[in-house]
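Subject: Structure handover

Hi,

Here is the structure I promised to pass on to you. Have a look at it first, and then read on for what I found in it.

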Amino acid sequence: MKQDTKLIHGYNSEDPRTGAVNVPIYQTSTFRQPELGHHLGYEYSRTGNPTREALENAIAALENGTHGLAFGSGMAALTTVLSLYSSGDRILISKNVYGGTFRVLDKVFKNFGITYTITDTSDLIAFEKEITPDVKAVLIESPANPLMYITDIAEISKISKKHGIHTIVDNTFMTPYLQRPLDLGADIVVHSATKYLGGHSDVVAGLAVVKDEELAQRLYFLQNATGGVLGPFDSFLVLRGIKTLGVRMDRHSSNAQKIAEYLSKNPAVSKIYYPGLESDPGYEINRKQASTGGGMMSFELTPDYDYRKFVSSTKIIALAESLGGVESLVCHPASMTHASIPKDIREREGITDNLIRLSVGIEDVEDLIEDIENALEASKVA
């Protein structure tokens, strides 16, 4: 079954009892049991809910995994995955990870003796040198947020397996429509389903997917024990979003490619980060492991332009946190999504004050380019 068909039919997407073409919203906390020790597959909605289960089956099918788990947010999914590890363990993280990922490692898990090291996962030799006996996992974003750095997932996974550590990939930016890390050798995939999978900026959700049965059972235990599960209505919203993921990602990617090409020739832009451009250092690897450059990009304005005025001057493109919705969003990473990262680390990794991140929506691309042109004109320093 091809991916476009799988998005709609590749899981238990219908109600077998009534024939409803959408999975019903089982808005219930508990389930009647016919007798002691016997139930009809569900006991309590923290442990299992039919609507959530449909979503979990859907993401497992789309990522070519065997087990999916749905959580109340992307950070809840990641926190549960990181809870696999113990005091004394160390996690390697790729450069430019989402600020919330850095924050939960630096401010929460560090208190439990789980440490981290920022490493350049695009440098395979340097990465392997970082693997010591205390390292238990590597956490990758490819493209990385916000500088769109590309990591060779297959090669990192190969090195990780050689050393017996897990490869965790945050696939939020690409989605399983464009990139499937489990097929490349990764052990765990996580998503902020708030973004492209939901697709309409109306739900907060997180997902995790694995292939390994033992790993799945450990994650199921943590999901149930810690309780950060996704509710049935929000599960329904993500399922609804997934059905149109293909057509949306095609438009996101097409629009982003055109805007990136426009910005790459604009004298107001000193640097652009988009793996769909042949000039991007990650272009060849991204082309090998993903279908397109995706819908996300970042760029730096020259000193002749005021980034504050730029982000507040767009009319169609909204200044807002988050990404991946049908509407285009502009963000200032240094003061928004990555503000929790200390300034010296931000600047060392290239997250400067002049850096702008753009989540390209599905509007008419000519309108978006005109909006950007008008904002650049308004932000030019006299």
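Let me start with Phe109, which is buried because its relative accessible area is 5%, under the 20% cut-off. Please keep in mind that this is a predicted model. Phe109 sits in the loop between helix H4 (99-108) and strand S3 (115-119). Setting aside neighbours within four places in sequence, Phe109 is in contact with Thr79, Leu82, Ser83, Val104 and Ile114.

Ile153 is another residue to look at. Ile153 belongs to helix H6 (residues 153-163), and Ile153 is buried, with a relative accessible area of 0%. Beyond its neighbours within four places in sequence, Ile153 is in contact with Ser142, Val169, Gln179, Pro181, Leu184, Ala186 and Gln289. One of these, Ser142, is 11 residues from Ile153 in sequence, and the C-alpha atoms of the two are 7.9 Å apart.

Now for the cores. The largest nonpolar core has 38 residues. Those with the most contacts inside this core are Leu55, Leu197, Leu207, Val238, Leu239, Ile242 and Leu245. At least two residues of the core come from each of helix H2 (50-62), helix H7 (175-178), strand S7 (206-210), helix H9 (232-243) and helix H10 (245-264). Which element gives the most to this core? That is H2, with six residues.

Leu197 shows how parts of the chain come together here. With neighbours within four places in sequence left aside, Leu197 is in contact with Ile59, Pro176, His191, Leu207, Val238, Gly241, Ile242, Leu245 and Arg248. Apart from this core lies another, of 30 residues, and Val81, Ile91, Ile168 and Ile188 are among them.

H2 deserves a paragraph of its own. H2 has 13 residues and reaches 18 Å from its first C-alpha to its last, close to the 18 Å expected at 1.5 Å a residue. Of the 13 residues of H2, 11 are buried, so H2 is largely enclosed by the rest of the structure. The buried residues include Arg52 and Glu56, along with Leu55, Ile59 and Leu62.

Next, the helix packing. Two packed helices are described by the angle between their axes and the distance between the axes. The axes of H2 and H9 come within 8 Å and cross at roughly 35 degrees, and H2 passes H9 in a left-handed crossing. On the H2 side the contact involves Thr51, Arg52, Ala54, Leu55, Ala58 and Leu62, which meet Pro232, Ser235, Phe236, Val238, Leu239 and Ile242 in H9. The residues of this contact divide into nine nonpolar, two polar and one charged.

The other pair is H10 and helix H14 (residues 365-379), packed at an angle of about 35 degrees with their axes 10 Å apart. Is this crossing left-handed or right-handed? The crossing of H10 and H14 is right-handed. From H10, Asn255, Lys258, Ile259, Tyr262 and Leu263 meet Val365, Leu368, Ile369, Ile372, Glu373 and Leu376 in H14. Eight nonpolar residues, one polar and two charged make up the contact of H10 with H14.

Best wishes

Definitions and conventions: Residues numbered from 1 in each chain as written. Predicted model: local features only at pLDDT ≥ 70, side-chain atom pairs only at ≥ 80, totals over all residues. Heavy atoms only, no water. Core = buried A, V, L, I, M, F, W, Y, C linked by side-chain atoms within 4.5 Å. Buried < 20%, exposed > 50% of the residue type's maximum accessible area, 1.4 Å probe, protein only. Helix = DSSP H or I, 4+ residues; strand = E, 2+ residues; numbered from the N terminus. Contact = heavy atoms within 4.5 Å. Axes fitted to C-alpha atoms, helices over the stretch in contact; angles between N-to-C directions. Left-handed = near helix turned anticlockwise from the far one by under 90°. Nonpolar A, V, L, I, M, F, W, Y, C, P; charged D, E, K, R; others polar. Expected span 1.5 Å × (residues − 1).
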